[in-house]
Amino acid sequence: MKKSRVSLRAFGMEEVERSLDWVNDDEVTKYTGTSSPISADEHRAYWEKELKNPRRKTFSIVTSEGRHIGNIGLLEIDWVARNAEVYVYVGDAQYRGKGYGTEAIQCLVEYAFGRLNLHKLFARVYAYNERGAKSFEKCGFTREGHLREHVFRNGEYHDVAVLGILRSEQRDSGQTR
Ligand SMILES: CC(C)(COP(=O)(O)OP(=O)(O)OC[C@H]1O[C@@H](n2cnc3c(N)ncnc32)[C@H](O)[C@@H]1OP(=O)(O)O)[C@@H](O)C(=O)NCCC(=O)NCCS
């Protein structure tokens, strides 16, 4: 699973350790589900269990220079309806906003449709996360609707956009940038 600048690699306990600072970074958590600080023990225990979850696939995002910059995966894979939710974060701040995350999503889309034979992927993106929504749209996702006042951040409720892509809507990888 490879694009010109990133590849998706295995995610194991070594990558779990490297991700602890990222899952506690406000610049990541303001766009993801985490709302309280996570201890090293909690983080390790969570992943020891989740790495065995058959309804999940997790990968590390690695640059062509071999640097682990973030993580991406499929959640709640429904093996009958053949759909799954995508989540992604570029944890290393210097690589955000430069297309690496978008390339990683494109890799995951190709993997999900081409190798797992899934039918549909979707993502939930907080309404204020314009970069996140744009990144998924660049990979062929379209807006399916929004969940009203669905998350609570900084003392306020926010809508959450739902973006989805069907296997038949998958584009050529060359169109992502
Ligand atoms: C969301 C994320 C994966 C996107 O990956 P990325 O490689 O950083 O995204 P890109 O650089 O391709 O940017 C996507 C688009 O958003 C635009 N963009 C970049 N920064 C932006 C910002 N601060 N505000 C609005 N748009 C922005 C870019 O211009 C780009 O569009 P363009 O290529 O047409 O110019 C990554 O930024 C990230 O990990 N963010 C933090 C966690 C997160 O939001 N995860 C997703 C939760 S659903």
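Reader: Where is the place of Asp-78, and how do you know?

Author: Asp-78 sits in strand β3, and strands here are DSSP runs of E with at least two residues, while helices are runs of H or I with at least four, both numbered from the N terminus. Bear in mind that this is a predicted model, where local features need pLDDT of at least 70 and side-chain atom pairs pLDDT 80 or more, while totals for chains, interfaces and linings use all residues. Residues are numbered from 1 along each chain as its sequence is written, and side-chain values use heavy atoms, leaving out hydrogens and water.

Reader: Why does Asp-78 count as partly exposed?

Author: Buried means under 20% relative accessible area and exposed over 50%, with partly exposed in between (1.4 Å probe, protein chains only). Asp-78 has 26%, so it lands in the middle class.

Reader: What does Asp-78 touch, leaving out residues up to four places away in sequence?

Author: Arg-55 and Asn-83, with contact meaning heavy atoms within 4.5 Å. Arg-56 is 22 residues from Asp-78 in sequence, and their C-alpha atoms are 9.7 Å apart.

Reader: What makes the pair of Asp-78 and Val-80 a polar contact?

Author: A polar side-chain atom of Asp-78 is 2.9 Å from the backbone nitrogen of Val-80. The cut-off is N or O atoms within 3.5 Å; within protein, one must be able to donate a hydrogen and the other to accept it, and neighbours in sequence count only if both atoms are side-chain atoms.

Reader: How do you know that the buried residues of α1 line one face?

Author: Glu-15, Val-16, Ser-19, Leu-20, Trp-22 and Val-23 are buried in α1, residues 13-23. Down the axis they fall within an arc of 165°, so they share one face; the arc is taken from the directions from the helix axis to the C-beta atoms. Glu-14 and Asp-21, on the other side, are exposed. The buried set packs against several elements, including β1 (6-10), α3 (40-50) and β4 (83-90).

Reader: Why is the pair of Phe-59 and Tyr-111 called edge-to-face?

Author: The search of the whole structure finds 9 aromatic pairs. Rings of Phe, Tyr and Trp (its six-membered ring) pair if their centres lie within 6.5 Å, and planes under 30 degrees apart are stacked, over 60 edge-to-face, the rest tilted. Here the centres are 5.1 Å apart and the planes at 80°, so edge-to-face it is. Phe-59 is in β2 and Tyr-111 in α4 (residues 100-114), so the pair ties together parts 52 residues apart in sequence. Both Phe-59 and Tyr-111 are buried. Elsewhere, ring pairs link Phe-11, Tyr-46 and Trp-47 into a cluster.

Reader: Which backbone atoms lie 2.6 Å and 3.0 Å from ligand oxygen atoms?

Author: A backbone N or O atom of Gly-97 is at 2.6 Å, and one of Lys-98 at 3.0 Å. The protein buries 76% of the 940 Å² that the ligand exposes when taken alone.

Reader: What makes phi of Glu-149 and Asn-154 worth a look?

Author: Most residues other than glycine have a negative phi. Yet phi is near 40° in Glu-149 and near 50° in Asn-154. Glu-149 belongs to β6 (residues 142-153), whereas Asn-154 is in the loop between β6 and β7 (156-166). Glu-149 has 55% relative accessibility, so it counts as exposed, and Asn-154, with 79%, does too.

How values were computed
Areas by Shrake-Rupley, 256 points an atom, 1.4 Å probe, with all protein chains shown as cover.
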